[in-house]
Amino acid sequence: MNESSWGAPPHTGPQAGYWGPTDQGPVQGAAPAGPAYDAPKAQHTRPMPIVPEGPAYGGDQDDDRGAARLSGRPLFRDETPQAPPPGAVQQNPEPMPDAPQPAPPPQKKSAGRDLGAAIGVGVGLGVVIIASLFVVKAVFVGVIAVAVVVGLWELTSRLQERKGIKAPLVPLALGGAAMVVAGYVRGAEGAWVAMALTALAVLVWRMTEPPEGYLKDVTAGVFAAFYVPFLATFVALMLTADDGPWRVLTFLLLTVVSDTGAYAVGWRFGKHKLAPRISPGKTREGLVGAVTFAMVAGALCMQFLIDDGAWWQGLVLGLAVAGSATLGDLGESMIKRDLGIKDMGTLLPGHGGIMDRLDSLLPTAPVVWLLLVLFVGSG
């Protein structure tokens, strides 16, 4: 033990001891001198670091240097690091890589909605529509008007909740219902006049509020009037023909079959996204399914349900319906993504809101009306 490391040379002989508090000499029977207790060299010592007890040493009887050396660092700057004692576990400064985890089991595809509730609600709506459609035409016009009013309420409510846009609901609801009735009674001319008057009513009604936000409120109001009641008016126009109920039924069947084909084929075989930024769930394979199902259904409907219809006309009609229904679904998906919502409402279990069922029907109505007029006339 050299002097530079531990202080003064140790005393030898039977009188060896440590320096007492008065520094007068060794005390008889005391412990052997240690470097930390040599007062003349106290200014050259450093305080011992406090190291927690470790499993390899533990207790107050062990030298603190052992705990320090267990971690591989020297106790003092002038001390040479020593290897840990045999049997000690050396700490590894580098983290050990995680053990490979078994791959999770493949997830089974899910429909994303309560399929039983969706089917039940769909069947119930179908019964109401068919009953009103073939019993009294005017009753079905009332069904369209109610769907329009509820759809406007859902759309304007979501706009106000998510964007702070206050599209006036009262003139929209009154004008929308009037638009559907005018289309059924007065034809396309009546529908256009009702649309213009509804837009004017929205502009005037909003003037009763403060001017802040006037432009965005009336713009949203005019958009809502065109998007929901005006497009729905073409269903009433189809109903005015002699075979009007069958035309409306063809329109509804083709739209539903298109959606069903897209869902079934896309759920089973879908791998390539159709529009991932708008609707991640839609696939190109689903679009192929929609076109195939709609074209087959269109050929059957035109051949057996529409007066003077031909199967090849049904192929064209089915292709157009698949395209318009898909675009309509994507259009509302764009609106809901901008609003940050999944559904427009919760009125229909398993479906969402009324607007979540009208999304593909609304833009398809003018397409079917126009093609039927071109193929077999206005009737």
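**Entry 1: the end of H4**

I began at Gly164, which follows helix H4 and has a positive phi, near 70°. I note that the model is a predicted one. Next I checked the length of H4, which covers residues 137–163. The helix has 27 residues, so at 1.5 Å a residue the span should be 39 Å. I found the end C-alpha atoms 39 Å apart, which agrees.

**Entry 2: Asp308**

I looked for a positive phi on a residue that is not a glycine, and Asp308 has one, of about 65°. Where does Asp308 sit? I placed Asp308 in the loop between helix H8 (284–304) and helix H9 (311–339). Is Asp308 buried or exposed? I noted a relative accessible area of 70% for Asp308. Exposed means over 50%, so Asp308 is exposed.

**Entry 3: H9 against H11**

I then turned to how H9 packs with another helix, H11 (residues 361–376). Two packed helices are described by the angle between their axes and the distance between the axes. For H9 and H11 I wrote down an angle of about 165° and axes 8 Å apart. Angles over 145 degrees count as roughly antiparallel, so H9 is roughly antiparallel to H11. Their crossing is right-handed.

I listed the residues that make the contact. H9 gives Gln313, Val316, Leu317, Ala320, Val321, Ser324, Ala325 and Gly328. H11 gives Pro363, Thr364, Val367, Val368, Leu371, Leu372, Phe375 and Val376. How many residues of each class are in the contact of H9 with H11? I recorded 12 nonpolar and four polar residues, and no charged ones.

Note on methods: Residues are numbered from 1 along each chain as its sequence is written. This is a predicted model: local features need pLDDT of at least 70, side-chain atom pairs count only at pLDDT 80 or more; totals for chains, interfaces and linings use all residues. Side-chain values use heavy atoms; hydrogens and water are left out. Helices (H or I, at least four residues) and strands (E, at least two) are DSSP runs, numbered from the N terminus. Buried means under 20% relative accessible area, exposed over 50%, partly exposed in between (1.4 Å probe, protein chains only). The expected span of a helix is 1.5 Å times one less than its number of residues. Axes are lines fitted to C-alpha atoms, for helices over the stretch in contact, and angles run from 0 to 180 degrees between N-to-C directions. Angles under 35 degrees count as roughly parallel, over 145 as roughly antiparallel, 65 to 115 as roughly perpendicular and the rest as oblique. A crossing is left-handed if the near helix is turned anticlockwise from the far one by less than a right angle, and right-handed if clockwise. Contact means heavy atoms within 4.5 Å. Ala, Val, Leu, Ile, Met, Phe, Trp, Tyr, Cys and Pro count as nonpolar, Asp, Glu, Lys and Arg as charged, and the others, Gly among them, as polar.
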